[in-house]
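Welcome! Take a moment to look over the sequence and the model, and then we will walk through some of the features together.

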Amino acid sequence: MSIKINGLKKWFGEPPTHVLKGIDLKIDDGEFVSIVGRSGSGKSTLLYIMSTLDDPSSGSVFYDDLEVSKMNEDAIHDLRNKELGFVFQFHYLLPELTVLENVLMPARKRHLHFEKEEYARHLLDQVGLLDKADSRATTISGGEQQRVAIARALVMKPKYLFADEPTGNLDSVNGDNIMELFKKINAEMGSTVIYVTHDLDYANMAKRKIELVDGVVSENVLR
Ligand SMILES: Nc1ncnc2c1ncn2[C@@H]1O[C@H](COP(=O)(O)OP(=O)(O)OP(=O)(O)O)[C@@H](O)[C@H]1O
Ligand SMILES: [Mg+2]
């Protein structure tokens with residue numbers, strides 16, 4: 001089982017700016033993958049398309065044998081809610097809710113928030129924020145918000161985790177801690193983890209490192 005990307009191109013606007021210029025990738029289930037590249041090289045765009053949140057201009061994305069553009073709304077919705085976890089570059093917490101309520105949002109959508117509360121607290125403990133569980137999301141720091149967003153992405157134990165610069169706002173202790181958590185999720189639950197990072201040490205922790213240069217894959221190394 002895998003995510004496959006065939007001949008993916010993405011352009012924006014008119015006249016078009018070509019951002020992704022023909023990408024082919026196959027990521028098997030259970031892989032631990034980093035994506036690197038200069039600012040503006042298309043990393044976030046690739047991650048969004050790979051994770052069904054944006055459409056390719058041409059080319060295709062497959063989950064197993066299912067092509068995302070051919071799935072109906074319900075099927076995509078199900079895939080997103082049940083199998084995918086997202087950590088965005090900007091984390092979009094709901095300001096009127098507490099930290100714990102934010103972590104439980106994906107569970108609430110499926111009426112599982114009571115059964116998931118203990119796990120949500122466990123995740124908050126793992127990211128070092130158990131003591132902030134009942135704080136309003138607006139009252140915590142940027143790095144704390146980022147860690148809440150990571151706990152939120154993990155609460156449904158996603159089969160695929162997509163993370164866009166998950167350690168971008170964190171000091172090295174918290175950054176290292178998040179990378180350990182990702183490794184653990186990958187090793188213990190077999191989740192596929194795909195993360196974008198500007199940190200070379202973190203990028204090198206991956207079993208596969210993908211580098212984007214100018215909208216194409218310049219390096220795709222499995223170690
Ligand atoms: N919706 C959009 N409309 C127009 N241009 C866009 C849009 N989204 C992205 N781009 C352009 O595509 C290019 C790649 O953007 P992207 O966000 O994927 O880069 P990135 O590699 O994630 O960069 P960073 O490391 O700074 O986050 C940029 O030049 C950006 O301006
Ligand atoms: Mg980006």
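## Around the ligand

Ligand 1 is surrounded by 13 residues, and the closest are F12, S39, K43, S44 and T45. A residue counts as near a molecule here if its C-beta atom, placed from the backbone, lies within 6 Å of it. This is a predicted model, in which local features need pLDDT of at least 70, side-chain atom pairs count only at pLDDT 80 or more, and totals for chains, interfaces and linings use all residues. Residues are numbered from 1 along each chain as its sequence is written, while chains are lettered from A and ligands numbered from 1 in the order in which they are written.

Which helix gives the largest share of the shell around ligand 1? Helix 1 does, with 3 residues. Both strand 2 (17–28) and helix 1 (43–50) supply at least two residues of this shell. Helices (H or I, at least four residues) and strands (E, at least two) are DSSP runs, numbered from the N terminus.

## A cis peptide bond

Most residues other than glycine have a negative phi, and most peptide bonds are trans. The bond from E14 to P15, however, is cis, with omega near 0°. You can find P15 in the loop between strand 1 (2–12) and strand 2.

## Two positive phi angles

K157 is not a glycine, yet it has a positive phi of about 50°. K157 sits in the loop between helix 6 (142–154) and strand 7 (160–164).

D214, also not a glycine, has a positive phi of about 55°. Its place is the loop between strand 9 (208–213) and strand 10 (216–222).
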